[in-house]
Amino acid sequence: MPAIEILGLEKTYSVGFWRKRPKRALFPLQLTVEDGEIFGFLGPNGAGKTTTLKLLMGLVYPTSGSARILGQDWNEPAVKAQIGFLPEQPYFYDYLTAHELLEYYGQLSGVPAKQRSHRVNEVLHQVGLPDVKGLQLRKFSKGMLQRVGIAQAILHDPKVVFFDEPMSGLDPMGRHEVRDLMDELKYQGKTVFFSTHILSDAETLCDRVAIIHKGELRGVGAVEDLTSSVQGKIEVIWQGTQIPAAMKALGAECHVSGDRVRAIVDEKQQDAAIDALRRERQQLVSITPVRTTLESYFVEKLRRAETTAGKTV
Amino acid sequence: MNRRIAYIASNTFREAVRDRVLYNLIAFALLLSGAAILVGQISIEIEKLVVINLGLTAVSLFGVVIAIFIGIGLVSKEIEKRTLYTVLSRPVRRWEFIVGKFLGLAGTLVVNTFFMAIGVFLALFYVSHKFVKADALILIALYFIILEFLIVCSLSLLFSSFSSPLLSAVFAFSLFVVGSFAEDLRNFAGMAHGISRWLATAAAYLVPNLSAFNVISSIAHEQPVAGQLILHNTLYALFYATMALSGAVLIFEHRDLK
Ligand SMILES: Nc1ncnc2c1ncn2[C@@H]1O[C@H](COP(=O)(O)OP(=O)(O)O)[C@@H](O)[C@H]1O
Ligand SMILES: [Mg+2]
């Protein structure tokens with residue numbers, strides 16, 4: 001059973017004060033997230049990531065479409081007891097302390113009274129806020145609020161967690177900790193669905209990613225599949241500053257930097273390239289297949305979207 | 001009662017206390033003791049009249065102001081600050097949230113009124129040095145005042161579910177004022193003709209009939225309150241508040257959170 005099935009969710013807001021105009025924030029979205037995956041929902045600012053998460057949480061209503069979470073209708077209270085949600089730039093009752101807030105949320109989520117205070121201490125420790133007792137949330141920094149946000153999302157030991165931009169507002173150390181925490185959640189068998197506009201956050205972490213732009217899905221796949229869509233190229237590096245003529249004849253793009261030359265050639269010409277270097281007695285440093293980074297895949301996708309959009313106008 | 005509603009209500013109460021809402025009691029105490037000392041020179045009968053009239057009117061006005069100013073922010077502030085996101089993504093239904101918030105504010109007002117009532121009785125004892133059986137009538141007046149708060153709270157909540165806080169405050173306060181003269185409005189409707197008769201009748205039955213809840217001056221003169229009025233006011237307040245709350249729920253259930 002998939003953890004999350006998004007079945008054509010679509011959202012059109014109406015904007016403007018006097019004359020209401022429709023604004024399509026999300027085109028009908030079809031997406032399935034498998035049980036136990038870390039799934040990255042990627043897209044630039046304004047792509048529709050937050051809108052999708054708010055739809056899934058029942059905070060805004062879809063123009064059409066529906067969703068299933070853990071095999072049940074997404075608005076069932078039984079489902080809500082098994083999911084956790086970290087909103088974008090979370091904000092909480094600032095007259096409460098973190099302990100009081102989590103105690104309250106534990107009550108609402110049905111965490112048994114006996115386990116509650118133990119569980120609150122446990123999650124606060126887990127997100128790196130072990131000693132904030134007595135401090136009201138109004139005195140918390142942005143990064144600390146983000147950590148409280150993660151704590152409240154995992155407090156009731158949910159099966160599926162939804163994080164909207166979980167690394168935002170955190171320093172590099174904090175980002176690293178959040179990454180570890182998501183890995184830990186996956187290890188515990190949970191499904192993690194998170195949005196981000198920072199690709200490097202997704203690259204090392206996700207089993208699969210989806211790319212969304214201007215409310216439309218542009219691609220879904222395993223990170224390896226997307227990034228190893230090598231255009232059949234390899235990178236050859238050798239010591240020296242000379243470029244053998246035979247190398248140029250292979251159509252290699254060569255760049256000299258310092259005392260090394262870096263050349264990109266077709267995969268099929270790997271042997272010919274090595275032979276050419278050997279003949280000229282150049283000292284080979286490395287041969288590696290060229291992998292597109294998620295970043296360049298992403299840029300490529302968006303650029304293509306831009307040009308097709310341009311054509312239809 | 002549904003447990004989640006109780007949790008939401010008690011958190012609402014805690015918020016009001018931490019926002020120093022109960023500090024209004026200080027102003028109330030100053031007002032009342034000032035009045036008690038000032039009128040301390042005249043006859044006991046008049047002193048009693050002043051303390052009961054002024055005391056209960058202040059209880060009612062202070063409470064109405066709190067009911068309106070907290071009531072209009074109860075839900076809209078949570079939408080504005082987005083504190084609702086992490087509540088409604090839990091197994092909490094939207095109507096449970098509204099009802100919990102309402103009961104939390106109602107509870108705050110009951111506690112507040114309780115302390116004010118103690119103040120009124122202390123002032124009464126200060127001027128007359130003893131209690132008489134008729135003083136128990138004050139309890140009935142206080143009960144009516146609390147019923148009135150329920151109506152005003154529910155109306156503030158209803159208005160704030162579709163308009164801005166400022167407009168909601170204006171609407172709620174106007175309705176409170178018009179409602180306090182509902183009896184006169186009904187009389188006017190009885191005398192008017194044609195279109196204005198229809199309009200006045202419709203308005204007279206739509207606005208809360210708060211004049212029926214004001215027994216302050218009659219109990220100050222030690223006139224008894226009919227049991228039927230107690231029953232009628234209780235049912236009326238519960239019905240009116242339930243209607244207004246249902247309206248608020250209906251609107252809130254269908255709206256997108258910002
Ligand atoms: N409440 C709203 N009313 C009108 N437009 C909105 C609203 N929320 C979001 N939008 C618009 O929908 C689009 C998607 O926004 P959002 O989902 O927040 O993107 P992301 O989270 O990917 O940055 C944006 O163009 C944004 O301006
Ligand atoms: Mg966003």
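Reader: Which residues of helix 1 of chain A are buried?

Author: The model is a predicted one, and a residue counts as buried under 20% relative accessible area. Seven of the eight residues of helix 1 (residues 49–56) of chain A are buried, so this helix is largely enclosed by the rest of the structure. The buried residues are A:K49, A:T51, A:T52, A:L53, A:K54, A:L55 and A:L56.

Reader: Which residue with a positive phi follows helix 1 of chain A?

Author: Helix 1 of chain A covers residues 49–56. The residue in question has a phi near 75°, and it is A:G58.

Reader: In which sense do strand 9 and strand 10 of chain A pair?

Author: Strand 9 comprises residues 208–213 and strand 10 comprises residues 216–222 of chain A. Within this pairing, A:I212 stands opposite A:L217 of strand 10. The two strands are joined over six bridges, and their sense is antiparallel.

Reader: Which residue takes a positive phi in the hairpin of strand 9 and strand 10 of chain A?

Author: The hairpin has two residues between its strands. A phi near 50° is taken there by A:K214.

Reader: What is the separation of the closest N and O atoms in the salt bridge of A:D207 with A:K186?

Author: A:D207 forms a salt bridge with A:K186. The pair links distant parts of the chain, 21 residues apart: A:D207 is in the loop between helix 7 (199–203) and strand 9 of chain A, and A:K186 is in helix 6 (residues 172–187) of chain A. Because their relative accessible areas are 28% for A:D207 and 29% for A:K186, each counts as partly exposed. The closest N and O atoms are separated by 2.8 Å.

Reader: Is A:E235, the salt-bridge partner of A:R262, buried or exposed?

Author: The closest N and O atoms of A:E235 and A:R262 are 2.5 Å apart. This pair joins distant parts of the chain, with A:E235 in strand 11 (residues 233–239) and A:R262 in strand 13 (residues 260–266) of chain A, 27 residues apart. A:R262 has a relative accessible area of 35% and is partly exposed. A:E235 has a relative accessible area of 16%, so it is buried.

Reader: How many residues apart are B:K48 and B:D135?

Author: B:K48 forms a salt bridge with B:D135, the closest N and O atoms being 3.2 Å apart. B:K48 lies in helix 3 (residues 44–71) of chain B, and B:D135 lies in the loop between helix 6 (94–128) and helix 7 (137–160) of chain B, so that the pair links distant parts of the chain with a spacing of 87 residues.

Reader: What is the accessible area of the nonpolar patch on the surface of chain B?

Author: The patch is formed by B:V65, B:F69, B:F173, B:V177 and B:F181. Helix 3 and helix 8 (165–180) of chain B each supply at least two of its residues. B:V65 is located in helix 3 and is partly exposed, with a relative accessible area of 38%. Together the patch residues have an accessible area of about 470 Å².

Reader: Which residues form the positive surface patch, and which loop holds B:R20?

Author: The loop that holds B:R20 is between helix 1 (3–18) and helix 2 (24–38) of chain B. At 52% relative accessibility, B:R20 counts as exposed. Its phi is positive, about 65°, although B:R20 is not a glycine. The patch is formed by A:R138, A:K139, B:R20 and B:K81.

Reader: What is the relative accessible area of B:R82?

Author: B:R82 is not a glycine, yet it has a positive phi of about 65°. Its place is in the loop between helix 4 (76–80) and helix 5 (85–88) of chain B. B:R82 is partly exposed, and its relative accessible area is 23%.

Reader: What distance separates the C-alpha atoms of B:L155 and B:Y205?

Author: B:L155 lies in helix 7 of chain B and counts as buried at 6% relative accessibility. B:L155 and B:Y205 are 50 residues apart along the chain, and their C-alpha atoms are separated by 15 Å.

Conventions. Residues numbered from 1 in each chain as written. Chains lettered and ligands numbered in written order. Predicted model: local features only at pLDDT ≥ 70, side-chain atom pairs only at ≥ 80, totals over all residues. Heavy atoms only, no water. Patch = residues over 30% accessible without salt bridge, like charges linked within 9 Å, V, L, I, M, F, W, Y side chains within 5 Å. Areas by Shrake-Rupley, 256 points an atom, 1.4 Å probe, with all protein chains shown as cover. Salt bridge = Lys/Arg side-chain N within 4 Å of Asp/Glu carboxyl O. Lys, Arg positive; Asp, Glu negative; His and termini not counted. Charge placed at Lys NZ, Arg CZ, Asp CG, Glu CD. Helix = DSSP H or I, 4+ residues; strand = E, 2+ residues; numbered from the N terminus. Buried < 20%, exposed > 50% of the residue type's maximum accessible area, 1.4 Å probe, protein only. Pairing = 2+ DSSP bridges.
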